[in-house]
Amino acid sequence: MRRSVALRVFAALATGAVGAVVAVGLPSLEASAAAVGSPIGYASQNGGTTGGNGGTTVRATTGTQIHQALCSRASSSTPITIEVQGTINHGNTTKVSGDSCNTAADKIELKEISNVTIIGVGSGAVFDQLGIHIRDSSNIIIQNVTVRNVKKSGSPTSNGGDAIGMESTVRNVWVDHVDLEASGGEDAGYDGLFDLKDNVQYVTLSYAYLKNSGRGGLIGSSESDTANSFITFHHNRYENIDSRTPLLRGGIAHIYNNYYYSLNESGINSRAGARAKVENNYFEDSMNVLGTFYTDAAGYWQASGNILDNVTWSAADSETNPAGPSMPSNTSVSVPYAYGLDNASCVPNIVRSTAGANTGMKTSTGSCSTTSGPSPTTPTPTSPTPTTPNPTTPTTTPTQPSGTNLSIGAGSDGSSKASGTSYGDVRDASMTTYWSPNGSTGYISIKWSSATTVSRINIREASGGAAIGSWRVLNGDTGAVLKTGSGSGVITFTSTSLKKVTFDILSASGTPRVGEFETYAS
């Protein structure tokens, strides 16, 4: 039985007898706090998932301090919320010992513990090349963090190459509003972004942004590892993923209102008797988005309400059973919880404005609109009195830039469009035509067949539309954010060579109209 270590640790501090555990300093104590919101899906079942709610809250800026917070609890089940700010990496993460923890030096280790929340606050929390490992644990919440470039080969390595990995009798985990990303596939040293194996159950992944990886994630490590079950995936954004979104081996998964863009080889791979309920998702520019792939061990699905936008399919063979092109169901799956279901047509807009870390913890209302969640540690901000522009917000002007508009003769695409509008209307040198999103948010892109250098764009609003509010300019090749701000006009950013640049409208007073999306080299 684990014995209390809290009094012993604080006594050591008081007397100056500071050992290895205390040398790094305890994280600062804060007032009691809790995770933002509550999970929908299977994490709400089996007694629910509350994390560290009701316990002490501490602030940590290093991986060692995260481990220190776990090890300083009275027991391995004492509730705790760890607010994380800054970059957590190998350089500031060490093993910490104690009776209420079992940590490691090369990962954030949540092992043999329960009742813990880890939440990013302030300017954000980034776990850089350092994965989060959950093993033999229960009632865990991870919110509002970025985990990137975790490797299983090369240097440095962490967590078997998984951004977030769970294994060995894990129950009730909610991972929410996170960025999980890699910079390539297995040959570049990476594995999965979200892997569950060896008896993991009652998990929800929600409002996550998974990108630039060979493998999105798996449930079950082999055809015999089928005890993993009851997993919900909703309102997640998958982009530039080769496969496994997710791969399911046995068990039941509920997959709804996710936005999949550029799945390069396969998507939801149900096999070895798995049963997936696949509802109202939006699949775009992707291949083999649902089926059984790379095995003759069949899996099953119930599919309804999904939209396929430029989806291609492989021919069936002994190890390939694609669900397309019409994706008929071959099983039925019932779920025990209530949930709101957005129409698939608005999923791209909803997910692009809510998924990921540092997006304001916004969520869907379940009726094709969003509600802003509060910041984890600060009240919802009020609209400021107009003052001098924030230096991080680009100044926009209505003047016409000089130089060649590179959009003329290029291609274009975007999120769902309002009736009567066209993507091509933003590059036809005419302000009498325009593109509008199907609502107040959406994105429009200019693309070229070969890499083109761009450092300036001009967003020209057509008359009669609502004013554009906040936005992001994205490198369409990588998803990197080039600039953020509000309003229309000329926007400059660091010169970038790319094949696609995206203007992502995050808010507007109604339905905006983009008359022209001009691009310039300088």
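In the predicted model, the buried residues of helix α3 are V347, P348, N349, I350, V351, R352, S353 and T354. The helix spans residues 347-354 and is mostly covered, with 8 of its 8 residues buried. Just after α3, G356 adopts a positive phi of about 110 degrees. In the loop between β26 (320-322) and α3 lies P325, which is joined to G324 by a cis peptide bond with omega of about 10 degrees.

A search of the whole structure finds 2 cavities of 30 Å³ or more. The largest cavity holds about 110 Å³ of space. Its lining comprises 13 residues, of which R237, E239, R352, G476 and T502 are the closest to its centre. At least two lining residues are supplied by each of β16 (237-243), β30 (442-461), β31 (470-475) and β33 (489-505). By class, the lining of the largest cavity consists of 4 nonpolar, 5 polar and 4 charged residues.

The second largest cavity contains about 30 Å³ of space. The residues that line the second largest cavity are V150, G161, A163, E181, A182, Y190, D191, G192 and L193. Two or more of these residues come from each of the elements β11 (179-184) and β12 (192-197). In this lining, 5 residues are nonpolar, 2 are polar and 2 are charged.

Across the protein chain, the secondary structure comes to 3 helices and 34 strands. Of the 522 residues in the chain, 56% are buried. Among contacts with a separation of 6 or more, 72% are made by residues 24 or more positions apart.

In soluble globular proteins, nonpolar side chains tend to be buried together. In the present model, the largest nonpolar core has 67 residues, and those with the most contacts inside it are I82, F127, M166 and F194. When residues up to four places away in sequence are not counted, F127 touches I66, V84, I88, I108, I118, I132, V145, T146, V147 and R148. Apart from this core lies another, of 21 residues, including A410, V473, F503 and I505.

Strand β16, which contributes to the lining of the largest cavity, also takes part in strand pairing. β16 and β19 pair in the parallel sense over 4 bridges, and Y238 stands opposite Y260 in β19. On β22 (residues 282-287), which pairs with β19 in the parallel sense over 3 bridges, the bridge partner of Y260 is F283. Strand β19 (residues 259-263) is largely enclosed by the rest of the structure, because 5 of its 5 residues are buried.

N257 has a positive phi near 55 degrees and is found in the loop between β18 (252-256) and β19. With a relative accessibility of 0%, below the 20% limit, N257 counts as buried. D198 likewise takes a positive phi, near 60 degrees, and is placed in the loop between β12 and β13 (200-206). D198 counts as partly exposed, at 41% relative accessibility. The peptide bond from S155 to P156 is cis, with omega near -10 degrees. P156 is located in the loop between β8 (146-148) and β9 (164-167).

Two glycines in loops are exposed. G91 lies in the loop between β3 (80-88) and β4 (108-111) and counts as exposed at 74% relative accessibility, given that the threshold is over 50%. G403 is placed in the loop between β28 (370-371) and β29 (411-414) and is exposed, with a relative accessible area of 64%. G403 and Y520 are 117 residues apart along the chain, and their C-alpha atoms are separated by 6.9 Å.

Note on methods. Residues numbered from 1 in each chain as written. Predicted model: local features only at pLDDT ≥ 70, side-chain atom pairs only at ≥ 80, totals over all residues. Heavy atoms only, no water. Core = buried A, V, L, I, M, F, W, Y, C linked by side-chain atoms within 4.5 Å. Buried < 20%, exposed > 50% of the residue type's maximum accessible area, 1.4 Å probe, protein only. Contact = heavy atoms within 4.5 Å. 1 Å grid on protein atoms, 1.4 Å probe; cavity = no way out; pocket = protein on both sides within 12 Å on 5 of 7 lines; lining within 4 Å. Points joined across faces, edges and corners; volume = space filled by probe spheres on them. Nonpolar A, V, L, I, M, F, W, Y, C, P; charged D, E, K, R; others polar. Pairing = 2+ DSSP bridges.
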